[in-house]
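Please keep the sequence and the coordinates at hand while reading.

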Amino acid sequence: MTSFVGRSEEIGAATQLLGRVRLVTFLGPGGVGKTRTALRVAGQLAGGLDGGVCMVQLSSLKDPDLLAHSVSAALGLPEQPNRSQLDVLVDHLEDRELLLVLDTCEHIVDACGMLADVLLRTAPSVRILATSREPLDVPGEHTFPLMPLAVPSAQDGQPITTDAMQLFADRAAAVVPGFVLSDGNRGAVAALCRRLDGIPLAIELAAVRLRALSLEQIVDRLSGRFRVLTGGSKVALPRHKTLRTAIDWSHDLCSPQERLLWARLSVFAGDFDLPSVEDVCADDALPAEEVVEQLIGLVDKSVVLRADDADEVRYRLLDTLREYGAEQLAERADGYAVQVRHRDHYLELARWFEAEWAGDEQMPRFHRLLRERANLRVALEFSYSSAQEAHTGLTLATTLWAFWFCASRLSEGRYWLHKGLELVPEPVAERSMALRYAGWYAAIQGDHSPELPLMLGEACDIAVQLGDERLHAHARAILGCVHMAMGRPEAAVELYEAAHVTLRELDDQVGILMYGYHLGFLHMLLGDLAAACDNCDVTLSMAGPEERWNRGWAACHKAVALWLMGDHEESARLARVGARCKYDLEDYLCIAHCLEPLAWIAAEEPEHCVRAAWLLGAVAGLYRRCGAVPMFGVSMLQEFQYAAEHKAKQVLGETAYEAAFRGGATAPLDQVIARATGDEPPVAAPEPDEQVTPLGVLTRREREVATLVAEGLSNRQIAQRLVISKRTADAHVEHILTKLGFSSRAQIASLVGETARVLGEGANS
């Protein structure tokens with residue numbers, strides 16, 4: 001949003017350092033510019049890394065247990081059942097070359113250190129750039145202190161323009177059009193920058209004061225504040241006190257109402273919108289109709305920043321200013337009430353989503369709630385921090401049940417549900433719901449613990465004890481889901497159908513819609529294909545045209561049932577409908593299930609076997625991303641997958657099949673959906689070169705290493721040639737052998753030679 005001034009030497013040095021080492025931590029106080037400098041370094045390195053850069057902003061993350069989830073979300077990784085998110089993250093990164101930027105680590109420094117240590121040991125081509133106020137303190141870390149911007153010496157007669165002065169001039173020009181450094185103001189600007197120790201945030205806050213004061217007045221008033229703090233001593237203040245003084249001054253220049261809003265805004269994590277500010281921060285002391293005026297005042301003073309996106313105007317506080325506001329809020333008697341209002345606001349937002357989650361408003365409401373995930377976490381953390389708020393916290397966690405589904409974050413959902421269950425042992429409706437959802441998520445993720453039936457049994461017991469028929473019907477239905485997951489479809493059908501009868505009597509439209517395709521899948525497993533289609537039709541007839549989650553699964557299950565019935569044309573149509581529905585939610589598991597019948601159908605015709613192989617590769621890639629067992633582990637359905645693979649290999653031959661398969665497995669999701677649904681041309685038969693160049697499965701760096709292996713270089717010589725550590729070279733060679741299915745370096749050399757022969761001149765490049 002604003003220009004970047006200075007730091008050229010630091011950026012160059014840090015960029016070079018990250019070319020030699022794998023963990024660099026920018027150290028410095030708040031406001032010194034660690035984040036923006038890290039982004040500049042990342043920009044310098046991005047083009048030379050196959051995987052580019054992933055930025056993970058951690059300032060809004062309070063619970064260190066969710067660090068791996070946050071990094072995975074930034075990388076676009078789905079959760080995988082029965083695996084810790086750290087394991088999922090490590091597996092994804094172990095053969096990738098990228099720069100991971102962990103921004104603002106100091107409040108969860110131990111967790112960040114542990115993660116960095118694990119990645120340094122397991123992902124040899126991943127580099128990490130961290131920003132923190134203290135070191136991560138792990139082996140291999142290179143700390144890089146980031147100092148304030150250079151300021152002119154007090155002895156300079158006519159001070160030369162330093163980076164600190166240029167920063168002030170740039171920001172001043174945004175406040176006072178036409179402001180430039182001149183012989184007339186250079187001395188005052190130099191004095192101001194010296195007084196502020198060259199700290200960028202302090203300089204920017206001072207520049208905003210030009211709206212109301214002259215440059216000389218700013219210098220005089222700020223100097224007066226420092227004289228009070230030092231008692232007239234010539235001994236300089238520590239830098240953290242310099243910044244604190246600058247923030248104190250900005251705070252004192254705010255109106256009482258602006259100060260109050262500043263403190264209250266500190267309850268938000270990440271960014272926020274105006275309606276949320278009005279709902280959370282307004283009360284008798286700050287009426288709602290005055291909030292926008294005070295917010296504009298804080299924006300004008302650069303305390304609050306605009307953080308717009310394509311859909312709406314958003315705002316945020318810099319971390320240092322949020323911390324300051326939180327200190328002010330903690331000293332106020334109304335601080336607790338503001339936190340309660342924040343939690344209640346996001347509880348109402350969760351209820352707003354739940355009310356229409358199965359309707360045509362599903363997607364816009366989902367994206368609205370997804371934007372607030374950091375604030376939802378803060379609201380849950382606050383609720384679980386005290387016994388008196390725990391019940392409401394569990395209410396929030398259970399209200400988010402459909403959100404966890406749509407976001408494909410079932411592990412995080414289980415985390416918050418179990419945390420609440422530990423704090424709320426009483427037989428209340430929220431406990432029954434939490435047990436139900438936690439058990440449901442576990443069953444879907446393949447966690448078939450013997451405790452699952454007990455959890456659902458307790459959920460049923462609580463519902464009976466409360467005399468709540470609706471609660472009991474839903475608990476019985478999910479108990480059926482648990483039986484289905486454990487291989488007992490007959491018992492599952494009985495429980496689902498009994499629940500369906502009750503829900504119809506209660507006119508529970510969401511339950512009828514949702515469990516329709518559950519029953520459809522069960523009847524398909526039992527061989528009653530007509531009943532399977534009828535139950536899926538219940539969902540399809542009730543779901544609106546803009547609903548995605550339930551319609552996608554119903555279309556998917558009916559597509560498989562129709563394939564079994566021999567109606568391939570309608571099966572393909574519904575499979576494409578399901579894939580399009582789930583694309584908007586990035587539901588990799590359901591998309592993979594939708595592509596299965598499309599691949600089976602393609603394999604029936606020899607002229608479409610290239611498409612079949614490509615689709616089977618895409619299916620494998622999607623299953624790998626979400627860590628799921630193909631077709632829920634149902635052997636009958638898996639046999640159809642194996643049969644399609646066998647037919648395609650017979651027609652194409654092993655080499656051509658593998659080339660097409662790899663093409664699908666490595667294709668981005670956009671291309672997978674476009675080709676599967678007919679929005680892109682059919683998959684072309686692989687060119688001869690593609691069929692005999694399996695080096696294409698390697699990353700650019702791995703191909704480079706393979707070429708050097710073929711030249712006869714040892715791992716140590718490869719490390720010296722590429723300016724990497726020998727351990728990194730060892731890991732590259734090991735990954736190449738694994739990917740190619742080889743056992744010796746001679747095989748790598750032979751393949752490189754064969755590839756060069758086929759490709760001819762220019763093979764090295």
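## The second largest pocket

A pocket here is an open set of points on a 1 Å grid over the protein atoms alone, with protein on both sides within 12 Å along at least five of seven lines. The model is predicted: local features need pLDDT of at least 70 and side-chain atom pairs count only at pLDDT 80 or more, while totals for chains, interfaces and linings use all residues. Residues are numbered from 1 along each chain as its sequence is written, and side-chain values use heavy atoms, with hydrogens and water left out.

The lining of this pocket consists of 41 residues, and A443, I444, Q445, L589 and F632 lie nearest the centre; a lining residue has an atom within 4 Å of a point. At least two lining residues come from each of helix 21 (429-444), helix 23 (469-485), helix 24 (489-505), helix 25 (509-525), helix 27 (549-565) and helix 29 (588-603). Helix 25 gives the most, with five residues. Helices (H or I, at least four residues) and strands (E, at least two) are DSSP runs, numbered from the N terminus. By class, the lining has 27 nonpolar, 10 polar and four charged residues. In this scheme Ala, Val, Leu, Ile, Met, Phe, Trp, Tyr, Cys and Pro count as nonpolar, Asp, Glu, Lys and Arg as charged, and the others, Gly among them, as polar.

## Salt bridges

The whole structure holds 34 salt bridges, each defined as a side-chain nitrogen of Lys or Arg within 4 Å of a carboxyl oxygen of Asp or Glu. One of them joins the side chains of R341 and D283, at 3.9 Å from N to O. This pair links distant parts of the chain, 58 residues apart: R341 belongs to helix 15 (residues 335-355), and D283 to the loop between helix 12 (274-281) and helix 13 (288-300). R341 is partly exposed at 21% relative accessibility, and D283 is partly exposed at 25%. Buried means under 20% relative accessible area, exposed over 50%, and partly exposed in between (1.4 Å probe, protein chains only).

A further salt bridge joins E372 and R314, at 3.0 Å from N to O. E372 lies in the loop between helix 16 (362-371) and helix 17 (373-384), and R314 in the loop between strand 7 (304-306) and strand 8 (315-317), so the pair ties together parts that are 58 residues apart in sequence. E372 is buried, with a relative accessible area of 0%, and R314 is buried at 0% as well. R332 and D334 also meet in a salt bridge, at 3.1 Å from N to O; R332 is partly exposed at 37%, whereas D334 is buried at 17%. Salt bridges with shared partners join D271, D273, E312, R314, R368, R371 and E372 into one network.

## D63 and helix 3

D63 is placed in the loop between strand 2 (53-57) and helix 3 (67-75), and is buried at 8% relative accessibility. Its side chain makes a polar contact with the side chain of K419 at 3.3 Å. A polar contact is a pair of N or O atoms within 3.5 Å; within protein, one must be able to donate a hydrogen and the other to accept it, and residues adjacent in sequence count only if both atoms are side-chain atoms. Leaving aside residues up to four places away in sequence, D63 touches E381, Y415, W416 and K419, where contact means heavy atoms within 4.5 Å.

Helix 3 is mostly covered, with seven of its nine residues buried. The buried residues are L67, A68, H69, S70, V71, S72 and L75. G76 follows the helix and has a positive phi, near 75°.

Most residues other than glycine have a negative phi. D137 has a positive phi near 60° and lies in the loop between strand 4 (126-132) and strand 5 (141-145). D137 is exposed, at 69% relative accessibility. E586, also not a glycine, has a positive phi of about 55°. E586 lies in the loop between helix 28 (568-583) and helix 29, and is partly exposed at 44%.

Definitions and conventions:
1 Å grid on protein atoms, 1.4 Å probe; cavity = no way out; pocket = protein on both sides within 12 Å on 5 of 7 lines; lining within 4 Å.
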